[in-house]
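Here's a quick tour of a protein model, taken a piece at a time. Have the structure open and follow along.

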Amino acid sequence: MSLRKVYYVLKPLMPRRLQLALRRVHCMRQRLKNRDTWPIDERAAKAPEGWQGWPDGKRFALVLTHDADTAGGHDRCLQLMKLEQSLGFRSSFNLVPRRYGVAPRIRNILVENGFEVGVHGLYHDGKYFESREEFSERAILINHYLREWCAVGYRSPSMLHNLEWIRELNIEYDSSTFDTDPFEPQPDGVCTIYPFAVSGDEFGNGYIELPYTLPQDFLLFVLFGHRDTRIWKKKLEWIARNGGMALVNTHPDYMMFDGGTKGRERYPAEYYREFLEHVKTTYAGQYWHALPRDVARYFAASRTGPARSVDPADGKGLVGGGSDAKNAV
């Protein structure tokens, strides 16, 4: 049994404080081992074959996404929505249909205000890719919620992924991967700061993959304990210089709004606000701000290069995948 499987088997028995302590130790070790490829892996800057650039000649794309992992995060979605609205931004909220009660009212408010809703697994239990049979059973339920919510996007809990199996979902895009993030339970990066197409199977079920390219808030502010957004800004500057996609994933679960109670797993939402203000002022007129579904549709319509193939024999669903692979799109 792999260490990842052992962790998920024992996780329900561990106090939360112990879970965080183990993850912090692991992350500190990984940070030293991967200091040459995180937060920036220079190899990921290679543009896709035939790339024609972003709409209206913009330098880079900006995509904001959120995962509401818990009931607390779900209940703070509208606060985060209002924060972004006040600055003129829109985003996608990924919700977990069977971990907590997803309120139709919240979904409707998000959509009515120009935001997007996606499906974020079913239970957030880390057991999505242990067997093809189990994944296929869950895929039926995930597809049910995709239809019910009129959603076209998906993200796996804990960023676990098998791009071949995900083709069973009726989606336009997936966002369960990253350019470089050696701290995740499945740390194989796709080594690109651009979207890429995953080739269809015999039934034609291909989709666009949107890797996140800025470090997650949980890593920076909870596990590493950073108190500023310098790493986000540094990575964004590099992405903008290379014309890529700046896709960030944050969690309302860990944000404190209106001076809320601080805890071991909370950080001020002002960090996120300050970062968005930095984007607006530093890169005014230079970025295409779009919802993930619009980025996926643009890329699908404009790409001229080949889709990335998937190999059934590869457990990750990526040909040549892994942190050392130079994956051409």
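## A β-α-β unit

Start with β2, helix α5 (residues 104–112) and β3, which together make a right-handed β-α-β unit. Keep in mind that this is a predicted model.

Strand β2 (residues 92–95) has a partner on either hand, as the pairings show. With strand β1 (residues 60–68), β2 pairs in the parallel sense over four bridges, and D67 stands opposite N94 in β2. With strand β3 (residues 116–119), β2 again pairs in the parallel sense over four bridges; here L95 stands opposite V119 in β3.

## Both sides of β2

Which residues of β2 sit on each side? S92 and N94 are on one side, while F93 and L95 are on the other. In a regular strand the side chains alternate between the two faces of the sheet. All four of these β2 residues are buried, so both faces of the strand are covered.

## Helix α9

Now jump to helix α9, which takes in residues 270–282. How far apart are its end C-alpha atoms? They are 18 Å apart, and that agrees with the 18 Å that 13 residues should span at 1.5 Å a residue.

The buried residues of α9 are Y271, Y272, F275, L276, H278 and V279. Looking down the axis of α9, you'll find its buried residues within an arc of 150°, so they line one face of the helix. The spacing has a simple background: an α-helix has 3.6 residues a turn, so residues three or four places apart point the same way.

## Around T250

T250 belongs to strand β8 (residues 245–250). Is it buried or exposed? T250 counts as buried because its relative accessibility is 0%, and the cut-off for buried is under 20%.

What does T250 touch, leaving aside its neighbours within four places in sequence? Its contacts are T65, H66, D67, D217, W232, M255, Y267 and Y272. Two of these names have come up already: D67 is the residue that stands opposite N94 in β2, and Y272 is one of the buried residues of α9.

A cis peptide bond joins W38 and P39, with omega at about 5°. P39 is found in the loop between α2 (16–33) and β1.

Then there's the loop between β4 (153–154) and β5 (173–174), which holds S158. This serine has phi near 60°, a positive value in a residue other than glycine. M159 lies in the loop between β4 and β5 too, and it has a positive phi of about 60° although it is not a glycine.

Are S158 and M159 buried or exposed? S158 has a relative accessible area of 18%, so it counts as buried, the cut-off being under 20%. M159 is buried as well, with a relative accessible area of 2%.

## Cysteines

How many disulfides are there? The structure holds zero. As for individual cysteines, C77 counts as buried at 0% relative accessibility, whereas C150 is exposed, with a relative accessible area of 71%.

## The whole protein

Stepping back, the protein has 10 helices and 11 strands. Of its 329 residues, 55% count as buried. Among contacts with a separation of 6 or more, 75% come from residues 24 or more positions apart.

How values were computed
Residues are numbered from 1 along each chain as its sequence is written. This is a predicted model: local features need pLDDT of at least 70, side-chain atom pairs count only at pLDDT 80 or more; totals for chains, interfaces and linings use all residues. Side-chain values use heavy atoms; hydrogens and water are left out. Helices (H or I, at least four residues) and strands (E, at least two) are DSSP runs, numbered from the N terminus. The expected span of a helix is 1.5 Å times one less than its number of residues. Buried means under 20% relative accessible area, exposed over 50%, partly exposed in between (1.4 Å probe, protein chains only). The arc is that of the directions from the helix axis to the C-beta atoms. Two strands pair if DSSP finds at least two bridges between them. A crossover is right-handed if, with the strands pointing away from the viewer, the path from the first strand over the helix to the second runs clockwise. A disulfide is a pair of cysteine sulfur atoms within 2.5 Å. Contact means heavy atoms within 4.5 Å.
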